[in-house]
Amino acid sequence: QFLEKRLASNDQVLTQLICDETDRIVGLVNRMEMLGGERPIPMGAVNIHEVLNQARRLAGAGFAGHVAFREEYDPSLPSVWGNRDQLVQVFLNLVKNAAEACPEHGGNIVLVTQFVPGLRLGDRFSGPRPRLALTVRIQDHGAGIPAKELPRLFQRFYRVGDEMTRAVPGTGLGLFLAREIIQRHGGEIRATSRGRGFGATFTIRLGRIAAPPISGTYEARRA
């Protein structure tokens, strides 16, 4: 905030990004006990495109500065039912993995959102009925993930690596936490890879919000 007062307007965008991200991380840390307890997560209507754009901006200002992003968004998508800060963390983790898999020059990441009519989340969600779902995909064109590693990808402390390369630096918690958060949202996450040189794709399905009534007040509710 002190820096923001002394910088030109163009640079103030970055200081605002730092402040917003600091506030988000503080809130996230204060709620980390939810991973080991049963306290409910504050939920509400979340614009998934705003979440993806925040993750892209944060990544582009730091670890993904060498990557080109492409958005293929369905502008008609409704909101999802979730916690914004935790969803930002999920997609930031996934974009970080994708950026690390991309080459130093010419790498690209594609962010895709879509609604498939009739697609519903499974019975794991403890609601009155399976929910209509929308899909988010994070696609990279990096080295891909060896098939033998896919089953262990979301395990705690597991880091991607094979006999040809060293393990990717990190704690091995990013994908584990992503899966935990998505499952606590009643959603699903999976990874696929077309092999070395063709990249990997992470697919997330989240429950959409039912359309609001034509008149009267609207209270966010799950479809």
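I count two strands as paired if DSSP finds at least two bridges between them. Helices (H or I, at least four residues) and strands (E, at least two) are DSSP runs, numbered from the N terminus.

Ground rules first. This is a predicted model, in which local features need pLDDT of at least 70, side-chain atom pairs count only at pLDDT 80 or more, and totals for chains, interfaces and linings use all residues. Residues are numbered from 1 along each chain as its sequence is written, and side-chain values use heavy atoms, with hydrogens and water left out.

I looked up β4 (107-120). β4 and β5 run antiparallel and are joined by 8 bridges. Q114 stands opposite T135 in β5. With β2 (residues 67-72), β4 pairs in the parallel sense over 6 bridges. There V67 stands opposite G107 in β4.

**Core.** Next I went to the largest nonpolar core. By nonpolar core I mean a set of buried Ala, Val, Leu, Ile, Met, Phe, Trp, Tyr and Cys residues joined through side-chain atoms within 4.5 Å. Buried means under 20% relative accessible area, exposed over 50%, partly exposed in between (1.4 Å probe, protein chains only). This core has 40 residues, and F91, L94, I109, I138 and F202 touch the most other members. Which element gives the largest share? It is α4, with 9 residues.

I then listed contacts of F91 (contact is heavy atoms within 4.5 Å). Leaving aside neighbours within four places in sequence, F91 meets I48, V51, L52, A55, V136, I138 and I204.

**Helix pair.** α4 and α5 pack at about 145°, with axes 9 Å apart. Axes are lines fitted to C-alpha atoms, for helices over the stretch in contact, and angles run from 0 to 180 degrees between N-to-C directions. On the α4 side I noted Q86, L87, V90, N93, L94 and N97; on the α5 side, G174, L175, A178, I181 and I182.

**α5.** I found L175, F176, A178, E180, I181 and I182 buried in α5. The cover over the buried residues of α5 includes α4, β6 and β7. Just after α5, G186 takes a positive phi of about 75°.

**T201.** Last, I checked T201, which lies in strand β7. Why is T201 counted as buried? T201 counts as buried because its relative accessibility is 18%. Not counting residues up to four places away in sequence, T201 touches R137, I138, Q139, R190, A191 and T192.
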